[in-house]
Amino acid sequence: MRTDPFETIRKSRDDGQPLPGFAYRDDDVFAVESATLFRDGWSSVTCGQNVAERGDLFPVRIAGQSLLVLRDYEDEIRVFYNLCRHRGAPLADVQCRARSGRIVCPYHAWSYGLDGNLLAAPHFHRDESCEASIDERTGLGLLPVRTAVWRDIVFVNLSECAPPFEEFIRPLDERLAHWTAAELRPLSSDEYDIQANWKLVVENFLDVYHLPVVHPELVGRFEGILDAVDVEVSDDIMGTVLPDLYGQAAGQAESPLPRFSGLAPDEKLRIEVFAVFPNTLILVEPEVQQVIVLRPQAPGVTHETFANYLVSDRSQTDDLAKEREETYRSSVLINDQDAALLALLQPTRSMALGGHTHLTRAWDETIRRFQRLWTDRLLAAADR
Ligand code: FES
Ligand SMILES: [Fe+2]
């Protein structure tokens, strides 16, 4: 008989052990994660730059739900369930633009406005040429999802029960106040299909120990990361600070890309990296913001939006084209290196013996904290 996976996870936590291997591949664990961790709180779904123009549509799947992210008539980002109110077809299955500001269902051509209202349903009464009246259309609009946008990251709360988003994000918002959000300018957004469990992607993001090994272009020596400091921002937000601008050799020319104006010119330059539970990863440098949004599709498959931002309109000028290209190229190189490593890690770390691994006191405390948070939330949900 199969032992209860949640009891095994509880025992691992109580014994101070790392997560058991099956936590990264088990269908029951994945189902509980989807139904609770990704629904109860604020999960990100993608970045606003993927719906840059009015009428842009970006379908995503997260927590077993199909959602449609869009930019409406007023330039606001909205999220609806990607579900036609007639017979349930998806309104978009790839990134696209609503023609003439109408979202037309591919099944029987009901059409919706960017505010979600049902605009028309052809031959609604069949034997008459007239369409549905306003009264008949009312109540058949797209179903809205509770949404918040912060630093161009689109968050949703599917349970409708989470505390206000501002309250949830405030500790990190205050911490990043000097990296002025109003100055962010999109540089790139790419979609990745990572062949690994989403938790391994989070743990890898919090892991500074791998930097000199997997990304020697950034910093080739362990000495470059010895000064990294772990930070706990709130119950849901943890990270690491690399206090010296690691990867930049002494005497190397400073980047000509503009910095966030909130950073004092003589301020010690640093890179800060945060995981916002469960699935949002954010990195800030003096001239760059990077965002990774994780959308788990199966225990071993994670869709990822990987986005970069530069600072202020000055970063968009022609004379900085080379620097923009180089920032993009090096970020993609690093993400490709991580994706390759994660695809190798998935089949080994998820083995039964994967729980017989060792998180070091010196390097892996933030990963341990993430695992403990995941365990506490999962067990609380499983007990409900
Ligand atoms: S399912 Fe959309 S119009 Fe019929
Ligand atoms: Fe990495």
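Here is a short walk through a predicted model, going from one tyrosine to a surface patch and then to a sheet.

Let's start at Y81, which sits in strand 4, the stretch covering residues 77-81. Is this tyrosine buried or exposed? Its relative accessibility is 18%, and because buried means under 20%, Y81 counts as buried. Leaving aside residues up to four places away in sequence, you will find Y81 touching Q65, S66, L67 and L68, along with L143, P144, V145 and L158.

Now turn to another tyrosine, Y209. You can find Y209 in the loop that runs between helix 5 (198-205) and helix 6 (211-214). With a relative accessible area of 33%, Y209 is partly exposed. Together with V213 and F222, Y209 makes up a nonpolar patch on the surface, and the three residues have about 270 Å² of accessible area together.

Our last stop is an open sheet of seven strands, with antiparallel pairing and the order 11-17-16-15-14-13-12. Which strands stand at the edges? They are strand 11 (184-194) and strand 12 (229-234); each has a single partner strand, so one side of each has no neighbour in the sheet. On average, and with direction ignored, neighbouring strands of this sheet are turned by 15 degrees against each other. For a look at one pairing, take strand 15 (residues 280-284) and strand 16 (residues 289-298), which are joined in the antiparallel sense over five bridges. Here T280 stands opposite V293 of strand 16.

Technical notes. Residues are numbered from 1 along each chain as its sequence is written. Chains are lettered from A and ligands numbered from 1 in the order in which they are written. This is a predicted model: local features need pLDDT of at least 70, side-chain atom pairs count only at pLDDT 80 or more; totals for chains, interfaces and linings use all residues. Side-chain values use heavy atoms; hydrogens and water are left out. Helices (H or I, at least four residues) and strands (E, at least two) are DSSP runs, numbered from the N terminus. Buried means under 20% relative accessible area, exposed over 50%, partly exposed in between (1.4 Å probe, protein chains only). Contact means heavy atoms within 4.5 Å. Patches are made of residues with over 30% relative accessible area and no salt bridge: like charges are joined within 9 Å, nonpolar side chains (Val, Leu, Ile, Met, Phe, Trp, Tyr) within 5 Å. Accessible areas come from the Shrake-Rupley method with a 1.4 Å probe; for residues, only the protein chains shown count as cover. A salt bridge is a side-chain nitrogen of Lys or Arg within 4 Å of a carboxyl oxygen of Asp or Glu. Two strands pair if DSSP finds at least two bridges between them. Axes are lines fitted to C-alpha atoms, for helices over the stretch in contact, and angles run from 0 to 180 degrees between N-to-C directions.
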